[in-house]
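This briefing covers selected elements of a single protein chain. It is intended to be read alongside the coordinates.

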Amino acid sequence: SRSSDLKLLLGIMVDFQEEILDDPMTSGMGKFLTEADVGYIDDEDIARCSRQLLDPPPHNTAYFNAQLVAVKNYYHNISDGLIDLETHVIDQTYTLSENMQEYALSDGHITKLFLETINTSKDDILSYVANYNSDEFIIVVFHAGLGQDIGSGGFDPTIFDIHSAYIDQEMLTDYNENPELPEFNILQNNSIIIGGKTISDGIILPETLNMIYYDVIEDVFIIDFVNNNELEDLFCDIQYGMTGLFSYLLGFRLGFPPMHSTANIAPVTR
């Protein structure tokens, strides 16, 4: 089957047009984090967490390959070695044409992020997948910024962070049929065609799910009623990794059914 033929996880890093001013409805400035700045409250030297940090920057090629290896190891272990994937991250960051918010407006705009990434990096993709059949690799796009996947269940000010997604052929078809979205020559017959390779799915993930690196954590987890002497390291226990979400999305490609009802799940995670 197509899912059992998968051999390679190919990572691609993309960032956005740099924001001159911090957009309060997105996390970050459109670029990957290079250092773990977790200090908070401008006029006080209080760390969100001075202990162990999850998925610490720099978020570079080595970091994203470690994310791929974590998922590779997970599936290798649970399949008793039957699923044995190779990993590679293209050692370059591609800058997309618009600000982060523009790719978060709808499922179609998230698909646009995937299409623009492939279109921008297609020559490099082809150099790495030349010896693979179309069904033997999947492209994982890692974008700068926080994913719109974790919340407290309450107020979320950064509503234009980008949802993570398994891009499937249905989403590509929906994109192709939407006249309001820009055309890409690589999208043909509801699949992506580059250099003789057919790409009909892929994954979009952020650089991190860990809010501790962004000011939004203080808005989502309110500190107004916390005593000043209890603020130090307050957020150490509010950290999230990506392996679970990544494994979940990759499971669609591997043919595993979701072990929960998807009736109330946003279409981008189908």
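In this predicted model, three strands form an open sheet in the order 7-8-9, and their pairing is antiparallel. Strand 7 (187–188) and strand 9 (197–199) are the edge strands; each has a single partner strand, so one side of each lacks a neighbour in the sheet. Helix 2 (residues 107–129) packs on this sheet and touches strand 7, strand 8 and strand 9. The direction of helix 2 makes about 45° with that of strand 8.

**Pairing and hairpins in the sheet**

- Strand 7 and strand 8 (residues 191–194) run antiparallel and are joined by 2 bridges.
- Within this pairing, L187 has I192 of strand 8 as its bridge partner.
- The hairpin of strand 7 and strand 8 has 2 residues between the strands, and N189 in this hairpin takes a positive phi near 55°.
- Strand 8 also pairs with strand 9, in the antiparallel sense and over 3 bridges.
- Here the bridge partner of I193 is T198, which lies in strand 9.
- The hairpin of strand 8 and strand 9 likewise has 2 residues between the strands, and there G195 takes a positive phi near 50°.
- As a general point, side chains in a regular strand alternate between the two faces of the sheet.

**Helix 3 and its cover**

- Helix 3 (residues 169–176) contains the buried residues M171, L172, T173 and Y175.
- The cover over the buried residues of helix 3 includes helix 2 and strand 6 (165–167).
- Strand 7, strand 8 and strand 9 are also included in that cover, and these are the strands of the open sheet described above.

**Packing of helix 1 and helix 5**

- Helix 1 (residues 61–78) packs with helix 5 (residues 243–254) at an angle of about 60°, and their axes are 10 Å apart.
- The two helices, helix 1 and helix 5, are therefore oblique to each other.
- The crossing in which helix 1 passes helix 5 is right-handed.
- On the side of helix 1, the contact is made by Q67, L68, A70, V71, Y74 and Y75.
- On the side of helix 5, these residues meet T243, F246, S247, L250, G251 and L254.
- Sorted by class, the contact of helix 1 with helix 5 comprises 8 nonpolar and 4 polar residues, with no charged residues.

- Y94 belongs to strand 4 (residues 86–95).
- The relative accessibility of Y94 is 5%, and Y94 therefore counts as buried.
- Leaving aside residues up to four places away in sequence, Y94 touches I12, M13, V14 and D15, and also T120, S121 and D124.
- Y94 and T117 are 23 residues apart along the chain, while their C-alpha atoms are separated by 7.6 Å.

**The chain as a whole**

- The protein chain has 5 helices and 10 strands.
- Among its 270 residues, 50% count as buried.
- Of the contacts in the protein chain with a separation of 6 or more, 77% are accounted for by residues 24 or more positions apart.

Terms used:
Residues are numbered from 1 along each chain as its sequence is written. This is a predicted model: local features need pLDDT of at least 70, side-chain atom pairs count only at pLDDT 80 or more; totals for chains, interfaces and linings use all residues. Side-chain values use heavy atoms; hydrogens and water are left out. Axes are lines fitted to C-alpha atoms, for helices over the stretch in contact, and angles run from 0 to 180 degrees between N-to-C directions. Helices (H or I, at least four residues) and strands (E, at least two) are DSSP runs, numbered from the N terminus. Angles under 35 degrees count as roughly parallel, over 145 as roughly antiparallel, 65 to 115 as roughly perpendicular and the rest as oblique. A crossing is left-handed if the near helix is turned anticlockwise from the far one by less than a right angle, and right-handed if clockwise. Contact means heavy atoms within 4.5 Å. Ala, Val, Leu, Ile, Met, Phe, Trp, Tyr, Cys and Pro count as nonpolar, Asp, Glu, Lys and Arg as charged, and the others, Gly among them, as polar. Two strands pair if DSSP finds at least two bridges between them. Buried means under 20% relative accessible area, exposed over 50%, partly exposed in between (1.4 Å probe, protein chains only).
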